[in-house]
Amino acid sequence: MIFVTTPIGAFAQAEQTDLSKLRDVAAAGDAEAQFQLGEIYLWGSGTPVDLEKAKTLLRTAANNDNLNAMRLLGENLVGGWFLEQDVIGGQALLEYAVEAGDDKAMVALGKFFLYGEQLPKDEPRARLLFEAAAEAGNGNGLQSFGATLMWRGTDPETAEAMLVQSGNMGVGAAWTSLAEGAMYGYLGQTQRRKFDGYAERALALGETKIAVLEAQRRLYGISMRASGPLAVEGLEAAAREGNADAAAFLIQLVRDGNQLNVSSSPDLAETYLSEFSDTLSERVRDRLSFTIQASKAQKPRDFAELAEVYDSRPELKSVAHARDVLATNENFAIYILQRKLRQDGIYLGPLDGFAGRGTIRALWRACNGLPDNSKCEDTVMHPSVIARLIAE
């Protein structure tokens with residue numbers, strides 16, 4: 001066989017895979033090859049993104065009882081991140097994989113229940129799924145649940161214990177969460193001293209986000225003197241050592257500024273993007289490039305040209321990317337929504353990027369059509385609502 005058999009084989013080794021041979025094996029009916037090729041087309045690893053081919057291949061592999069394909073397809077159908085959303089179909093795939101004992105599917109389904117955005121919030125079910133996954137040796141769900149408890153601030157002791165359990169199972173993100181929680185006082189106001197110990201454990205497991213946390217400490221003067229230039233200097237050094245998290249954060253930081261000690265400079269962001277291009281994945285490069293363009297757009301004419309680009313790039317349509325667009329240029333984000341809502345027949349006002357009464361009313365109608373519309377009565381201008389509507 002010419003393909004690897006690990007669940008992330010296609011993602012990790014796409015450049016080494018002979019795609020033509022992999023296609024032949026997939027066409028011959030091998031479910032693992034179908035999964036791997038579908039994953040390649042979904043992420044664009046070594047070949048252009050092709051969402052239709054990805055969906056077809058993953059569906060075929062899932063029908064051939066490939067649990068990896070069930071999980072990956074189920075996640076994307078429920079989330080609606082890269083494929084057209086199908087919550088019922090996606091959940092069914094995840095439930096089937098869970099019943100078959102796939103610990104990664106347990107974590108994926110548990111997260112949907114934990115966060116309650118695409119599926120109704122059900123924290124007890126989420127915890128049961130995460131604990132079942134932990135029994136199978138997968139501590140990622142415990143990390144998600146522990147971090148949620150920690151940021152909620154209601155039970156820091158349970159949160160810390162759950163995150164420590166996850167970290168001891170080899171989940172580096174758990175130690176990163178603990179370092180971040182200690183940094184911001186979510187483990188108790190007297191517990192900031194724990195940052196160094198948790199950060200050291202995270203670094204030992206290869207966690208690259210610690211460089212970002214160190215920069216945030218420097219930016220806002222957490223347990224040290226605040227200094228924007230020193231924060232930027234530290235991020236530059238980490239990025240030049242190949243730290244992709246540091247590079248992406250640095251580009252976003254100088255793109256937007258922080259209204260404190262780092263000024264907004266889209267041109268400098270472009271320079272950094274060019275310098276660290278090889279450090280970042282193609283998807284991240286594309287998203288950062290687009291948001292830098294968005295940061296420079298000022299008028300409806302600029303918005304219209306950029307919206308055409310956005311509409312032609314399905315790989316840009318995700319909640320995470322929509323949040324970044326909103327953070328970069330609120331008016332452009334509103335313009336995208338006005339344009340979309342007009343196409344849906346909900347909005348009849350001008351395409352100007354301003355959230356006037358007509359726009360707010362249209363946003364409210366669209367928000368109430370979301371699977372989770374719990375935030376609609378609060379404010380439709382909540383960033384999570386705007387990002388969800390943009391990504392729909």
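Colleague: Which are the buried residues of α19?

Modeller: The buried residues of helix α19 are Val 319, His 321, Ala 322, Asp 324, Val 325, Leu 326 and Thr 328, where buried means under 20% relative accessible area, exposed means over 50%, and partly exposed lies in between (1.4 Å probe, protein chains only). This is a predicted model, in which local features need pLDDT of at least 70 and side-chain atom pairs count only at pLDDT 80 or more, while totals for chains, interfaces and linings use all residues. Residues are numbered from 1 along each chain as its sequence is written, and side-chain values use heavy atoms, leaving out hydrogens and water.

Colleague: What makes helix α19 mostly covered?

Modeller: Of the 10 residues in α19 (residues 319-328), 7 are buried, and the buried ones pack against α15 (244-256), α17 (282-296), α18 (300-311), α20 (330-343) and α22 (383-391). The helices themselves are DSSP runs (H or I, at least four residues; strands are E, at least two), numbered from the N terminus.

Colleague: What is the mean pLDDT of the protein?

Modeller: The mean pLDDT, which is the predictor's confidence in each residue from 0 to 100, is 91, and 95% of the residues reach 70 or more. Over residues 1-17, however, the pLDDT is below 50, although this stretch has 37 contacts in the model beyond near neighbours in sequence, a contact being heavy atoms within 4.5 Å.

Colleague: Why is the pair of Trp 43 and Phe 82 called edge-to-face?

Modeller: Rings of Phe, Tyr and Trp (its six-membered ring) pair if their centres lie within 6.5 Å, and planes under 30 degrees apart count as stacked, over 60 as edge-to-face and the rest as tilted. Trp 43 and Phe 82 are 5.5 Å apart centre to centre with 90° between the planes, so the pair is edge-to-face. Trp 43 is in helix α3 (residues 31-43), whereas Phe 82 is in the loop between α5 (67-79) and α6 (87-99), 39 residues apart.

Colleague: How do you know whether Trp 43 is buried or partly exposed?

Modeller: Trp 43 has a relative accessible area of 24%, and therefore it is partly exposed, whereas Phe 82, at 14%, counts as buried.

Colleague: Why is the pair of Phe 290 and Tyr 310 called tilted?

Modeller: Their planes are 40° apart, with 5.8 Å centre to centre, so the angle falls between the stacked and edge-to-face limits. Phe 290 lies in helix α17 and Tyr 310 in helix α18, so the pair ties together parts that are 20 residues apart in sequence. Phe 290 is buried, with a relative accessible area of 2%, and Tyr 310 is buried with 2% as well. Both belong to one aromatic cluster that also includes Phe 303, Phe 332 and Tyr 335.

Colleague: What makes Asp 102 count as buried?

Modeller: Asp 102, in the loop between α6 and α7 (103-115), has 8% relative accessibility and therefore counts as buried. Not counting residues up to four places away in sequence, Asp 102 touches Leu 67, Asn 68, Arg 71 and Ala 97.

Colleague: Why is Asn 63 called exposed?

Modeller: Asn 63, whose place is in helix α4 (residues 51-63), has a relative accessible area of 56%, so it is exposed. The C-alpha atoms of Asn 63 and Leu 93, 30 residues apart along the chain, are separated by 9.9 Å.
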